[in-house]
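Have the structure open as you read.

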Amino acid sequence: MVIALQPPALTAKTAARAQGHAGAEAQRRTLRSRIYLPACSIAAVAAGLVALGWANHWGGNDFAASMTSLRVVVVGPLTLAIIGVFLIAERLRPAQRRPIFARGYRQDLLFTVFNATLVVPLVTALTLSFSDVAQRAFPWLVLPRIGTVPRWGAIAVIFVAMDACNWFAHMANHRVKMLWRFHELHHSQEDMNVLTVFRTHPFIHVSYLVALIPGIVLLANGALPITLLVIYGGVVAFAHSNTNLGFGPLGRIFVSPNYHRQHHKLDGPQDVNLGFALTIWDQLFHRAVFPTPETIRTDTGLPGRPLVVEQAGVRPHHFSVFAAQLVAPFRPMDKDLDLRSAGVRALRSPAPSARRDGVTSSI
Ligand SMILES: [Zn+2]
Ligand SMILES: [Zn+2]
């Protein structure tokens, strides 16, 4: 006897469930085609930290006073004086000759104003909230006062450890795609200059919160004075300047403009020279590429311009480009332009800037 096996007939319930799944999948696909969802998780962490900090009264800290201190670090008188000196150095000893009001300079000035006004409150909130959450969740993290360690010794340790944490966070920015979506804005600058240090997406600061940990651990032994933070910021800003300076033998320890420019190199690789102030982390992890006379005039930016830049087009349209640059991490990925550092070399395209007779950029 032959028994014919028949597939079970679909019940109305099963069919409805299948239709529901298909509908949900179609919705997810539509959402994915409009938004890069992983980027939303960074924004969610930022929003969560701000909400927590607000609810916990910023860990007992004075929010306004903390914000003022941070603003002093970002655009205080000493910072502005240091930046002024660097701007003069850029004119006197440029790595690349450029018009004084190059498009990239104007765009980075926009980012500077944005940082001084709207980003400072956000970073203050993130900093206070992260420190409070870390101390509440891991109270053992804070070491007691160590009598044998002088205050300056603790400050030196915090400084070096903070620089190491920034190195690791920077490496993560290049290795983790959703972080890279925020970090690529910084790398999109084709007219690198001292203000490029401010050309960052506000949410990228979430990834650098780890750099607060050394300060939390040694809280009872010392804290970084504001002046030292201003100097640190000045060193990082100077590393972005359009100056032909390599610091001589000191360039083996401190990040010089000629050294950091290799990190922004248009034809990569970009996962080298990740250091903020010290080159020792790059040397330790075999990521250091020291400058040579041939590399000083390196073109910078992202090949293929995966992110809209002010240098594209006949007119710069600074404000609309600025808005597009901030929204970009949440836009769906163009798979052909996935420029995570590992793939950068395979995706070369002609240098995007108008570069004429040694004069780069356009106005
Ligand atoms: Zn980078
Ligand atoms: Zn940089």
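In what kind of crossing, left-handed or right-handed, does α4 pass α9?

## α4 against α9

It's a right-handed crossing: that's how α4 goes past α9. Bear in mind that this is a predicted model. On the residue level, α4 covers residues 77-92 and α9 covers residues 226-239, and the two pack at an angle of about 25° with their axes 10 Å apart. Angles under 35 degrees count as roughly parallel, so α4 is roughly parallel to α9.

Who's doing the touching? From α4, you get Leu 78, Thr 79, Ile 82, Ile 83 and Phe 86. Facing them on α9 are Val 230, Gly 233, Gly 234, Ala 237 and Phe 238. Sorted by class, the contact of α4 with α9 has 7 nonpolar and 3 polar residues, with no charged ones.

## α5 against α12

Next up is helix α5 (residues 103-137) with helix α12 (residues 318-327). Here the axes come within 11 Å and cross at roughly 60°, which makes α5 oblique to α12. As for handedness, α5 and α12 cross in a right-handed way.

On the α5 side, the contact is made by Arg 106, Gln 107 and Leu 110. The α12 side brings in His 318, Val 321 and Phe 322. Split by class, the contact of α5 with α12 has 3 nonpolar residues, 2 polar and 1 charged.

Terms used. Residues are numbered from 1 along each chain as its sequence is written. Chains are lettered from A and ligands numbered from 1 in the order in which they are written. This is a predicted model: local features need pLDDT of at least 70, side-chain atom pairs count only at pLDDT 80 or more; totals for chains, interfaces and linings use all residues. Axes are lines fitted to C-alpha atoms, for helices over the stretch in contact, and angles run from 0 to 180 degrees between N-to-C directions. Helices (H or I, at least four residues) and strands (E, at least two) are DSSP runs, numbered from the N terminus. Angles under 35 degrees count as roughly parallel, over 145 as roughly antiparallel, 65 to 115 as roughly perpendicular and the rest as oblique. A crossing is left-handed if the near helix is turned anticlockwise from the far one by less than a right angle, and right-handed if clockwise. Two residues are in contact if their C-beta atoms, placed from the backbone, lie within 7 Å. Ala, Val, Leu, Ile, Met, Phe, Trp, Tyr, Cys and Pro count as nonpolar, Asp, Glu, Lys and Arg as charged, and the others, Gly among them, as polar.
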